[in-house]
Amino acid sequence: SKREIKMRKLDSTKVRPLKSEQLLHIEDHDFALRPGFGGSPIPVGIDVQVESIDSISEVDMDFTMTLYLRHYWKDERLSFRSNKNKSMTFDGRLIKKIWVPDVFFVHSKRSFIHDTTVENIMLRVYPDGNVLFSLRITVSAMCFMDFSRFPLDTQNCSLELESYAYNEDDLMLYWKHGNKSLSTDEHISLSQFFIEEFSASSGLAFYSSTGWYNRLFINFALRRHIFFFVLQSYFPAMLMVMLSWVSFWIDRRAVPARVSLGITTVLTMSTIMTGVSASMPQVSYIKAVDVYLWISFLFVFLSVIEYAAVNYLTTIEERKQLKKRGKASGMYSMDAVQAMAFDGCFHDTDVDMDMTPFPDPCEENETRASQTNISNVDTPRLRRKRSLKGNVGRIILQNNHVIDTYSRIIFPSVYIVFNFFYWGLYM
């Protein structure tokens, strides 16, 4: 009807796209060809504003970044008349009808243009044909990391931009404002890294089949926060090493106490090392944290070996004393050394007790029946027991082996020297 035709003419939303296409002469040109096709390469300027660095993955060796990517070029086919010299702004619906640079991210794994609530694309055209093309992108790209100094490392990553189809004979990619072409949000922060610097650079990339291409680099350096790893790895390892030294102050005859302490510290160190390795990529070289944990594990392991040597030498020494004095008792089915190997207690004779001032609890059990018959007699052994009540520490020192005495000094001293060397080398 005539009324419907009149309403269509008054509907500006149906007329405006037609006027814009006519104003930009889109239908009069073939925008499948680049501007200045067949002539000199078209310069395309780039500037980037980094909105956020979303994640850094050591296991996958990649990073995820959200940024605003802006392109600047001149296409005289889009020039139009304007009395006020004002630009025209469009959204992503016009992009498919004109020529735009085919910039892509080298070594990218995943990327997408944000589309909430609509595609985050902006096209601004100026009367003289200059074009600004801006889009908001999240991209995940590879970062070739070196973990030889982990966790005291600094990682250098880069996001690389390049034209996919046009080599340097057709398109010249460059930073629009030099070093100022790269800007970042002031509130960018990461949980495990401190961002030391952002920088922009450019170069050339060669492909044997297609030639040379202009390539732009967004470089940034990440320094790892060490405090988390001090709490989770280094400090527990230090405590386990120092805990293993406690066995040097325990009586050499307390076999169950010293063996259980050594085994516990060894297993705890193994758990710490497994936890650190599980969160890291399986690289084929040694990391700094591996050096520290393995050296700490070696100190713990050597403390167990130290007691094995002390126990063995003590057994040899006591056996020689028994043979020398000829006091090995014939009433037992096994000698004192064999009995100590079974129950962890040294079985001394009466003559040997006169030589050492420290009473053996296992011997007390063996001679309890004989002591009940002479309980009212103040024997020299009972007097010796009373005199030991206030001198337990001195007796323990006297009953430790000479290896224990040296280990109390050597183990802490060497470990302190190792820590000074380690932190001085990697910090």
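Phe150 is buried, and so is Phe229, where buried denotes a relative accessible area under 20%, exposed one over 50%, and partly exposed a value in between (1.4 Å probe, protein chains only). The structure is a predicted model, in which local features need pLDDT of at least 70 and side-chain atom pairs count only at pLDDT 80 or more, while totals for chains, interfaces and linings use all residues. Residues are numbered from 1 along each chain as its sequence is written, and side-chain values use heavy atoms, with hydrogens and water left out.

Aromatic rings were paired if the centres of Phe, Tyr or Trp rings (for Trp the six-membered ring) lie within 6.5 Å, with planes under 30 degrees apart counted as stacked, over 60 as edge-to-face and the rest as tilted. By this rule the count comes to 26 aromatic pairs. One of them brings together Phe63 and Phe220, whose ring centres are 5.1 Å apart and whose planes stand at 85°, so the pair is edge-to-face. This pair links distant parts of the chain, since Phe63 belongs to strand β2 (residues 62–74) and Phe220 to strand β12 (residues 211–224), 157 residues apart; helices (H or I, at least four residues) and strands (E, at least two) are DSSP runs, numbered from the N terminus. Phe63 is buried at 0% relative accessibility, and Phe220 is likewise buried, with a relative accessible area of 2%. For Phe150 and Phe229, the ring centres are 5.1 Å apart and the planes lie at 80°, so this pair is also edge-to-face. Because Phe150 lies in the loop between β7 and β8 and Phe229 in helix α3 (residues 227–244), the pair ties together parts that are 79 residues apart in sequence.

A search of the whole structure finds one disulfide, defined as a pair of cysteine sulfur atoms within 2.5 Å. The disulfide joins Cys143 to Cys157, with an S to S distance of 1.8 Å, and the link is left-handed, with -80° about the S-S bond. Cys143 lies in the loop between β7 (130–142) and β8 (154–163) and Cys157 in strand β8, so the pair ties together parts that are 14 residues apart in sequence. Both Cys143 and Cys157 are buried.

Helix α5 (residues 288–325) and helix α12 (residues 402–426) pack at an angle of about 175°, with their axes 12 Å apart; axes are lines fitted to C-alpha atoms, for helices over the stretch in contact, and angles run from 0 to 180 degrees between N-to-C directions. This arrangement makes α5 roughly antiparallel to α12, a term applied to angles over 145 degrees, whereas those under 35 count as roughly parallel, 65 to 115 as roughly perpendicular and the rest as oblique.
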